[in-house]
Amino acid sequence: MLSTYEVEHKQRSIQVTERQVTVVNFSGIHARPAAAVVNFVKNYKGSVDVINNGKKGNLKSIISIMSLGMRKGSDILVQVEGENETEFAEDLVKFISTLEG
């Protein structure tokens with residue numbers, strides 16, 4: 001799923017980019033891959049969230065990531081808001097789709 005949309009928030013327009021990706025890591029996103037994701041997104045100056053089975057979490061928080069129970073085969077939706085959000089969302093999807101460990 002590819003989408004970019006704008007939300008009116010407190011009299012300013014916010015652009016959010018969403019991308020869907022399937023978790024391919026054989027053991028899902030557990031502690032080691034979650035730490036790698038946090039390391040990948042930690043310096044991004046916007047918000048980076050993920051939705052799995054209707055639950056939303058912050059990809060800058062290892063606890064938040066692990067609480068979502070993302071197993072192999074899970075179709076997750078990443079949401080990126082901030083500067084160059086579309087480009088960062090694409091890079092993040094590529095990173096998640098190649099996670100090992």
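Modeller: Let's start with Gly 28, which sits in the loop between β2 (12-22) and α1. Bear in mind that the model is predicted.

Biologist: Is Gly 28 buried or exposed?

Modeller: Gly 28 counts as buried, because its relative accessibility is 0%. The cut-off for buried is under 20%.

Biologist: What is Gly 28 in contact with, leaving aside neighbours within four places in sequence?

Modeller: Gly 28 contacts Val 23, Pro 33, Met 70, Arg 71 and Lys 72.

Biologist: How many residues apart in sequence are Gly 28 and Met 70, and what is the C-alpha to C-alpha spacing?

Modeller: Gly 28 and Met 70 are 42 residues apart in sequence. In space, their C-alpha atoms are 5.7 Å apart.

Biologist: Switching to the overall fold. What pattern does the chain follow along the sequence?

Modeller: The pattern reads β-β-α-β-β-α-β-α. That comes to three helices and five strands.

Biologist: And what share of the contacts with a separation of 6 or more is from residues 24 or more positions apart?

Modeller: Those residues account for 63% of such contacts in the protein chain.

Biologist: How much of the chain counts as buried?

Modeller: Of the 101 residues, 40% are buried. The accessible surface is about 5,900 Å², and carbon and sulfur atoms make up 50% of that.

Biologist: Now the helices. How do α1 and α3 cross?

Modeller: Helix α1 covers residues 31-41 and helix α3 covers residues 85-97. Their axes come within 11 Å and cross at roughly 160 degrees. That crossing angle makes α1 roughly antiparallel to α3, since the cut-off for that is over 145. The crossing is right-handed.

Biologist: Which residues make the contact?

Modeller: From α1, the contact uses Ala 36, Val 37, Phe 40 and Val 41. Helix α3 brings Phe 88, Asp 91, Leu 92, Phe 95 and Ile 96.

Biologist: What does the α1 and α3 contact look like by class?

Modeller: Eight of the contact residues are nonpolar, none are polar and one is charged.

Biologist: Last topic, Asp 49. Where does it lie?

Modeller: Asp 49 is in strand β3, residues 47-52.

Biologist: Why does Asp 49 count as buried?

Modeller: Asp 49 is buried because its relative accessible area is 17%, and the cut-off is under 20%.

Biologist: What does Asp 49 touch, not counting residues up to four places away in sequence?

Modeller: Asp 49 touches Lys 56, Gly 57, Asn 58 and Leu 59, along with Leu 77, Val 78 and Gln 79.

Definitions and conventions: Residues are numbered from 1 along each chain as its sequence is written. This is a predicted model: local features need pLDDT of at least 70, side-chain atom pairs count only at pLDDT 80 or more; totals for chains, interfaces and linings use all residues. Side-chain values use heavy atoms; hydrogens and water are left out. Axes are lines fitted to C-alpha atoms, for helices over the stretch in contact, and angles run from 0 to 180 degrees between N-to-C directions. Helices (H or I, at least four residues) and strands (E, at least two) are DSSP runs, numbered from the N terminus. Angles under 35 degrees count as roughly parallel, over 145 as roughly antiparallel, 65 to 115 as roughly perpendicular and the rest as oblique. A crossing is left-handed if the near helix is turned anticlockwise from the far one by less than a right angle, and right-handed if clockwise. Contact means heavy atoms within 4.5 Å. Ala, Val, Leu, Ile, Met, Phe, Trp, Tyr, Cys and Pro count as nonpolar, Asp, Glu, Lys and Arg as charged, and the others, Gly among them, as polar. Buried means under 20% relative accessible area, exposed over 50%, partly exposed in between (1.4 Å probe, protein chains only). Accessible areas come from the Shrake-Rupley method with a 1.4 Å probe; for residues, only the protein chains shown count as cover.
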